[in-house]
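Me: Hey, can you walk me through this one? I'm new to it.
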Amino acid sequence: AEPTPSAPSPRQVAESLYAALLRSDREALAAIASPDIRIHVTEDLAYGGDYSGLPGFAALFKNTFDLIESRVEIERFFEAGSDTVVAVGRTRGTGRATGTRFDAAIVHVLTVEDGLLVGFDAFVEDRPITAAIQGTAGQD
């Protein structure tokens, strides 16, 4: 689909997403996400799996928030084709129940159509986060 001239570029949508996440701005998130958004998060995480639509987006944030306090830091974006933006960075924070700290690598693949986020695939280094949730950091 050719983007309409008024629609933001995939890169702009990606940058808006992370700005909204930093502010925990649900209205801004809802404004850039397609009502039919498809979300996939690394299954080995306690909050991992598949989510769909705006209710799914909200459920993902609630499930994540219930388990961890975290901040996503994107180190770089790159475009992979006309409708895909890849965000590479880290997520750092603590397990809410344990206070155990984590620092994990992340790669997010964002698919954008007509200025809306239609796909969000989160690949997350799961072991540091799982250890923080369980309070088993440093143990294998």
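Me: Which residue is the bridge partner of Glu-113 in β6?
Reply: That's Leu-116. Keep in mind that this is a predicted model.

Me: OK, and how many bridges join β5 to β6?
Reply: Eight bridges link β5 (residues 101–113) with β6 (residues 116–124), and the two strands run antiparallel.

Me: What's the strand order in the open sheet?
Reply: The order is β2-β1-β6-β5-β4-β3, six strands with mixed pairing. The edges are β2 (49–52) and β3 (68–79), each of which pairs on one side only. On average, neighbouring strands are turned by 20 degrees against each other, ignoring direction.

Me: Which strands does helix α1 touch?
Reply: Helix α1 (residues 10–23) packs on the sheet and touches β3, β4 (84–95), β5 and β6. The direction of α1 makes about 165 degrees with that of β3.

Me: And where does α4 lie?
Reply: Helix α4 (residues 126–134) lies across β3, β4, β5 and β6, at about 125 degrees to β5.

Me: Back to α1. Which of its residues are buried?
Reply: Pro-10, Val-13, Ala-14, Leu-17, Tyr-18 and Ala-20 are buried. Looking down the axis of α1, the buried residues fall within an arc of 160 degrees, so they line one face of the helix.

Me: What covers them?
Reply: The cover includes α2 (26–32), α3 (53–67), β3, β4, β5 and β6.

Me: How far apart are the end C-alpha atoms of α1?
Reply: They're 20 Å apart, which agrees with the 20 Å that its 14 residues should span at 1.5 Å a residue.

Methods:
Residues are numbered from 1 along each chain as its sequence is written. This is a predicted model: local features need pLDDT of at least 70, side-chain atom pairs count only at pLDDT 80 or more; totals for chains, interfaces and linings use all residues. Side-chain values use heavy atoms; hydrogens and water are left out. Two strands pair if DSSP finds at least two bridges between them. Helices (H or I, at least four residues) and strands (E, at least two) are DSSP runs, numbered from the N terminus. Axes are lines fitted to C-alpha atoms, for helices over the stretch in contact, and angles run from 0 to 180 degrees between N-to-C directions. Contact means heavy atoms within 4.5 Å. The expected span of a helix is 1.5 Å times one less than its number of residues. Buried means under 20% relative accessible area, exposed over 50%, partly exposed in between (1.4 Å probe, protein chains only). The arc is that of the directions from the helix axis to the C-beta atoms.
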